[in-house]
Amino acid sequence: MNTSKIQYELNAVNLFRSSNTAILSTLSKSTDDYPFGSFVTFVSNSNRELFIYASDIAEHTKNILNDSRACVTISSVNNDGDKQASARLSLMGDLTRVAKDEVKNYQSRFFKFLPESERYSHIHGFHLYRLTILKARWIGGFGAIGWLDTTHWTAAVPDWQSGEESMIEHMNEDHSNVVCSALNGMFDIIDPKAQMLALCTDGYYILSAEGQFFIPFHQPCYSETDVRAALIKQAKAYRTFELV
């Protein structure tokens, strides 16, 4: 992969992992398969799987139940200067309903990131749908355009997923200084009570008094050994930002 493609990938991952709103494009069941766009909230899984929590009565739900093909477009609007230079990521694939035996795990992660959505679980007719990504298109601004290598966008679940909670607990109890220094180093936020919220192959999320923040790894980590090495590397990189 050339240097430009590597940078596109890093920028796309950062936008993807740092966002939770997007435009979902589906094929209209009621209007001869014309494209239909709607605003949605989403959560990314431990791998780069994306999932939404949708009502049975929503138009986009009716569409995907009729034809699973969809595209999710995530953007970060540039409010300074040329808005056309805003970054955006389009993920094409198939949206399918999460199986009953997997719902609990998906709900748990969704509510962790979007806790206000938990009230929908008490309303009949809301279900989880995941996007199986086939292609990823990145536009980082004028001239910074390309199709991304789908290797990590369609990758399997990481080996460490079942042990995620224990890994997070270990970091928060024994290495909270690493979490706090990364938050300080990347976002200039000093919060001694900040904690790791969730892990993913591309990094981890911190929950602080200022909100949720994504801290990226330099490359995807699919094993616990990879994650440990990435965290040690970050601890060294942000050592000068440790809170005293």
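Ile 74 makes contact (heavy atoms within 4.5 Å) with Leu 15, Phe 16, Ser 19, Thr 21, Ala 22, Phe 42, Ala 87, Arg 88, Leu 89 and Leu 91, when residues up to four places away in sequence are not counted. The model is predicted, so local features need pLDDT of at least 70 and side-chain atom pairs count only at pLDDT 80 or more, while totals for chains, interfaces and linings use all residues. Residues are numbered from 1 along each chain as its sequence is written, and side-chain values use heavy atoms, with hydrogens and water left out.

Ile 74 also belongs to the largest nonpolar core, a set of 28 residues in which Ile 52, Ile 74, Leu 89, Leu 91 and Trp 153 have the most contacts. A nonpolar core here is a set of buried Ala, Val, Leu, Ile, Met, Phe, Trp, Tyr and Cys residues joined through side-chain atoms within 4.5 Å. At least two residues of this core come from each of helix H1 (3-18) and strands S1 (21-27), S4 (50-55), S5 (69-76), S6 (87-97) and S7 (126-139). Another core, of 24 residues, lies apart from it and includes Cys 180, Met 196, Leu 199 and Phe 217.

Turning to the chain as a whole, six helices and eleven strands are present; these are DSSP runs numbered from the N terminus (helices: H or I, at least four residues; strands: E, at least two). The radius of gyration is 19 Å, close to the 18 Å that the globule rule gives for 244 residues, so the chain is as compact as a globular protein of that length. This radius is taken over C-alpha atoms, and the rule is 2.2 Å times the number of residues to the power 0.38. The C-alpha trace spans about 60 × 45 × 30 Å along its principal axes. Among contacts with a separation of 6 or more, 63% are accounted for by residues 24 or more positions apart.

How much of the chain is buried? Of its 244 residues, 45% count as such, where buried means under 20% relative accessible area, exposed over 50%, and partly exposed in between (1.4 Å probe, protein chains only).

Ile 23 lies in strand S1 and is partly exposed, at a relative accessible area of 40%. Beyond its neighbours up to four places away in sequence, Ile 23 touches Gly 37, Ser 38, Phe 39, Cys 71, Val 72 and Thr 73. From Ile 23 to Glu 242 there are 219 residues in sequence and 38 Å in space, C-alpha to C-alpha.

Asp 32 is exposed, with a relative accessible area of 68%, whereas Asp 33 is partly exposed at 43%.

A loop residue with another kind of setting is Ser 117, found between helix H3 (103-113) and S7. Ser 117 counts as buried, at 6% relative accessibility, and is in contact with Tyr 53, Phe 110 and Phe 111, leaving aside neighbours within four places in sequence.
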